[in-house]
Amino acid sequence: MNAPNKSGWKPEMQVSEDGLHNGPSTTTGNRALMLEEPLIFEIGHAETTGVDLPEIDPGAPNRLGGFDRMDPIGLVGLTEPETVRHYTRLSRQNYGIDLGFFPLGSCTMKHNPRLNEKVARLPGFADIHPLQPVQTVQGALEVMNELAHWLLTLTGMHSVAMSLKAGAHGELCGILCIRAALEARGDAREVVLVPESAHGTNPATAAFANYRVENIPATPAGRVDLEALKARLGPDVAAVMITNPNTCGLFEPDLREISDAVHAAGGFVYCDGANFNAIVGRVRPGDLGVDAMHINLHKTFSTPHGGGGPGSGPVVLSEALAPFMPLPYTARTADGVVHLVEEEQADDFAREHFGGELSSFGRMTAFHGQMGMFTRALTYMLSHGADGLKQVAEDAVLNANYVLRSLEDILHAPFADSGPCMHEALFGDKDFGGGLSTLDLAKALIDEGYHPMTVYFPLVVHGAMLVEPTETESKASIDQFITAFRSVAERALAGDESMKQAPYYAPRRRLDETQAARKPKLAWQDPELSA
Amino acid sequence: MRYLPLTDTDRADMLAKIGANSIDDLFVDVPAVAQLDGPIRELPMHASEMAVERHMKARANKNLAAGDAPFFLGAGAYRHHVPASVDTVIQRGEFLTAYTPYQPEIAQGTLQMLFEFQSQVARLYGCVVANASMYDGSTACWEAVAMAGRVTRRHRAVLSGALHPHYSQVVKTMAQFTGDTIADAMPAIQTEPDNAGLISRIDEDTACVVVQYPDILGRIPDLTELADAAHAKGALLVVVNTEPVALGAIKSPGEMGADIVVGEGQSIGVGLQFGGPYLGLFAVRDPKHVRQMPGRLCGETTDAEGKRGFVLTLSAREQHIRREKATSNICTNSGLCALAFNVHMTLLGEKGLRELAAENHRLACIAADRLEKIPGVSLLNSAFFNEFTLQLGGKPARDVVRSLADRGVLGGVSLDRLYPGVAGLEDALLVAVTETATEEDIETLASELEGVLS
């Protein structure tokens, strides 16, 4: 695979100046199991294919209306052995949960059970079309309803919109339900309040829904400032968007009071459910007065992150918002039959079940949602059961507190004095020496064999480092991480200059992001053509 | 519990280290009103792998899998053969269990894959730049409308009547909240796409014209005249494609003048899965529009030793940097589906994609000819790729589809399912024919349809 190719590009590995890569350079640029891999465009050919299909018959009937594609498309192919090797080699340049500890705060990188993968691939789930007659997909609709039942029971909410494609999509759905509910009562409001520690999607979502975003300050203990919030409430406030547990990894103890105050002022409470893993099976957000909350099935319910999606973000809703949820949704009627409520039944269904003329604000995606994620999430829930999910929350919180208390003596932990954290431990870069930053520490952790924690988020803590161990790590694994983290923290505090060049041992050294943005190269170009 | 490594001894030791007496001490911030006294009683307790598999399999078995019946559904989701090696690759833990590549030094696998994917999509669409994927075709369609508004600073979108109705509904739903005006229409049941009607609705306030290619009825509109008409009024042409395999046979939207090309990528590498997860594709023809694109972009750069590498770039457009000023609130893309597309497209290559497209068209022609011969059935399309519209002589197509299903044939999608209750569309049936259909399947469909209609 490393034969000279038509671009003439050949990977080169050089001995680094710091002497850490001493040893002879290799002809191929590979270093034993650390293998370089060209782009498909450098190794494939237009005439090569890994799929056996009938040759094209030029005399075959043609009813394309004269729109035949005559010019080359510019694609290249590889045979199956070349394809499998190409992607296997690429995969080895990636870090994943399967390889090691992945303490990425607010992302909940827990183990992805393989039974979920097996179930999702059953032909009865994987090989059904979204528009098949409903009589042929009753099992799929049952899965959606069963998952809905679990979500509603775990959250103590009234209804759930299932079609949303990811957390931010669900968040948008929740805010649009709020907007629709307010408009239905003729109540135009303009402002959404967002705590300053919020995830970036919250203000982006509120802005999309045409709301003006105002920040609410945090207390020194890292919580929403209840008095400041109460003072700001009024007839112009549509909603408050709160993350609970919040992005500092702390439970909002005043959430019930916040909800009551917001409701008294005629507004709604949106809860970002990104951190539901800390409380699943132990606390129901519905008991805290939440009106809408998205649930990231790819966080709490273990569907794989897949290198950046696909996700799935069902939204649980209070009774006040339920009539407005987007189509389609599923519902089981008294006769036990599972219905898919699409555009045509929506009005009748709303009249019958929501007791009025109110109805859905529309549709946010084609078809019914992320079925492939529903089957995985339901499999996960059934595996854990009510008892196992409660244990998930407890172990996730226990692991995070253990990390917090094992490192607070050496690293600045801004909220450690205010009590236990939830599922993630937050540290700052205070007292780092030699101009070293959180980024340097993160890159040094890569050399130690770890995926770094979330860095520079939340924004309220300088040089933030947010560590979320999740419940699927053993104590031995966490102890080993603490040892490694402690060693890099000691080096950062001591101002170890060598950290500025870390990582040394990853497939790539630090990448030039400025160059990437200044002269964007976003697609392959044939060197002969671009020369 | 098989997924939880801590032992009771571990838990006790860790609580001691923390200085807590019990796990409840760590939940002290939860108000009493929200504290549950034990596992939620309305839900079952944990279960073995075997028991859970049995439970899920029982539900799967209640569905009629597409592979177990002659199958002819399309309308935005298509059944194609996915080579076995695609699933092998996407199940590698290094891809499956990776996060968004924010730490590029240990995510070059995902990043290089995304760069290859972007390059494949751009070439397929006849564009210069594609992003790293969106949720699905319908949300990509809305994002294209929103982007056209940013580029033109106009707020009216004209939608073709032959745009997938779910896509139109997504656009209209979102526009309610942004204040954009959406001019949509019902599909005109006629042999040729109604380009003249669409062109007549473009005005000086129009940000974009959105047209599907091939359209919801399987017809193939001439994009060149639409691009000229849109550009003459200062509007952009947004082209939606729901069947990427078609672009192995028909001209790319980019070469016909489309400014933004979006679509559903599910056909390549991603199975039917009852509608999701799918793969939104998004590309632009003009490099100057890149900074107005939504979603993630992967770009080439070099590392500190001068070696080529890849990073997520131009993130100043995105929510985690721009917050309320972001081009979109999107955070997740459809990474693993993009990998499946990338692997399948690499297996196909130029030759394989063209052969796959030719085989789809060959079988669709056979099916159209056969079905048209059934008394009371007429073929609407003059041109089509692998999907066409039949009119059933006034018989409600929704009932026909159900009757066919009772006879073990998944015979197509009735327009009434997509446009419930719209007069004039009730007897129209969309039939899609891919390489997964055999000539025997086509004959079965024909004879059962004859039986249902007689």
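How many of the 10 residues of helix α12 (residues 438–447) of chain A are buried?

1. This is a predicted model, in which local features need pLDDT of at least 70, side-chain atom pairs count only at pLDDT 80 or more, and totals for chains, interfaces and linings use all residues. Residues are numbered from 1 along each chain as its sequence is written, while chains are lettered from A and ligands numbered from 1 in the order in which they are written.

2. In helix α12 of chain A, 8 of the 10 residues are buried, so the helix is largely enclosed by the rest of the structure. Buried means that 20 or more other C-beta atoms, placed from the backbone, lie within 10 Å of the residue's own. Helices (H or I, at least four residues) and strands (E, at least two) are DSSP runs, numbered from the N terminus.

3. Among the buried residues of α12(A) are A:Asp440, A:Leu441 and A:Lys443. Their cover includes β11 (454–455), β12 (465–467) and α13 (475–494) of chain A. Just after α12(A), A:Gly449 has a positive phi of about 95°.

4. Between the chains, 177 residues of chain A are in contact (C-beta atoms, placed from the backbone, within 7 Å) with 172 residues of chain B. Helix α11 (residues 371–407) of chain A gives the most to chain A's side, with 22 residues.

5. Mean pLDDT, the predictor's confidence in each residue from 0 to 100, is 92 for chain A and 96 for chain B. Over residues 1–5 of chain A, pLDDT stays under 50. Where pLDDT is low, the predicted coordinates should not be read in detail. The model scores ipTM 0.97 and pTM 0.96.

Technical notes: Two residues are in contact if their C-beta atoms, placed from the backbone, lie within 7 Å. A residue is buried if 20 or more other C-beta atoms lie within 10 Å of its own, exposed if 12 or fewer, and partly exposed in between; C-beta atoms are placed from the backbone.
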